[in-house]
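This report goes through one protein model, from its overall layout to a few selected residues. Please look over the sequence and the structure before reading on.

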Amino acid sequence: FGDYAQVYQDTVPHNSTDLPCSVNTIVLGPTGNIQGTYKFYNLDTGRQIVADQFTVLPMPREVIDWVHAIADAQQMPADIIFTD
């Protein structure tokens, strides 16, 4: 929970260079199904997505700053700190 991950995004057409092949996300947790699907917070859209193909990566400083900016905009308590 809370890890930064790149989620594989199947694009159509499959060889499109105009569409990203992965999405920047934060892991929310498993869905509980037998396939091993997880829930993610899509950093580009702010929506929840589900996927079973992803790679957990170190949290970039830009993502930490972006999450703090969202928290400030939503007037979240200052004692909640997101770090790597």
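## Terms and basis

A residue is called buried if its relative accessible area is under 20%, exposed if over 50%, and partly exposed in between, with a 1.4 Å probe and protein chains only. This is a predicted model, in which local features need pLDDT of at least 70 and side-chain atom pairs count only at pLDDT 80 or more, while totals for chains, interfaces and linings use all residues. Residues are numbered from 1 along each chain as its sequence is written, and side-chain values use heavy atoms, with hydrogens and water left out.

## Overall layout

The protein chain has one helix and five strands. Helices (H or I, at least four residues) and strands (E, at least two) are DSSP runs, numbered from the N terminus. The order from the N terminus on is β-β-β-β-β-α.

The protein chain has 84 residues, of which 24% count as buried. Its accessible surface comes to about 6,100 Å², and 54% of that belongs to carbon and sulfur atoms; the areas come from the Shrake-Rupley method with a 1.4 Å probe, and for residues only the protein chains shown count as cover. Among contacts (heavy atoms within 4.5 Å) with a separation of 6 or more, 32% are between residues 24 or more positions apart.

## Strand pairing

Two strands pair if DSSP finds at least two bridges between them. Strands β1 and β2 pair in the antiparallel sense over five bridges, and in β2 the bridge partner of Val7 is Val23. Strands β2 and β3 also pair in the antiparallel sense, over five bridges. Here Ile26 has Tyr41 in β3 as its bridge partner.

## The helix

Helix α1 covers residues 61-73; at 1.5 Å a residue its 13 residues should span 18 Å, and the end C-alpha atoms are 18 Å apart, which agrees. The expected span is 1.5 Å times one less than the number of residues.

Which residues of α1 are buried? They are Val63, Ile64, Val67 and Ala71. Seen down the axis of α1, these buried residues fall within an arc of 105 degrees, so they line one face of the helix; the arc is that of the directions from the helix axis to the C-beta atoms. The buried residues of α1 pack against β1 (4-8) and β2 (22-30). On the other side of α1, Arg61, Glu62, Asp72 and Ala73 are exposed. Just after α1, Gln75 takes a positive phi of about 55 degrees.

## Aromatic rings

Rings of Phe, Tyr and Trp (its six-membered ring) pair if their centres lie within 6.5 Å; planes under 30 degrees apart count as stacked, over 60 as edge-to-face and the rest as tilted. The structure holds four aromatic pairs. One of them joins Phe40 and Phe54 edge-to-face, at 4.9 Å centre to centre and 65 degrees between the planes. This pair links distant parts of the chain, with Phe40 in strand β3 (residues 38-42) and Phe54 in strand β5 (residues 54-57), 14 residues apart.

Phe40 is buried, because its relative accessible area is 0%. Phe54 counts as partly exposed, at 29% relative accessibility. Tyr38, Phe40 and Phe54 form one aromatic cluster.

## Leu43

Leu43 lies in the loop between β3 and β4 (48-51). Is Leu43 buried or exposed? Leu43 counts as buried, at 10% relative accessibility. Leaving aside neighbours within four places in sequence, Leu43 is in contact with Tyr4, Asn24, Thr25, Ile26, Val63 and Trp66. Leu43 and Tyr4 are 39 residues apart in sequence and 9.8 Å apart in space, C-alpha to C-alpha.
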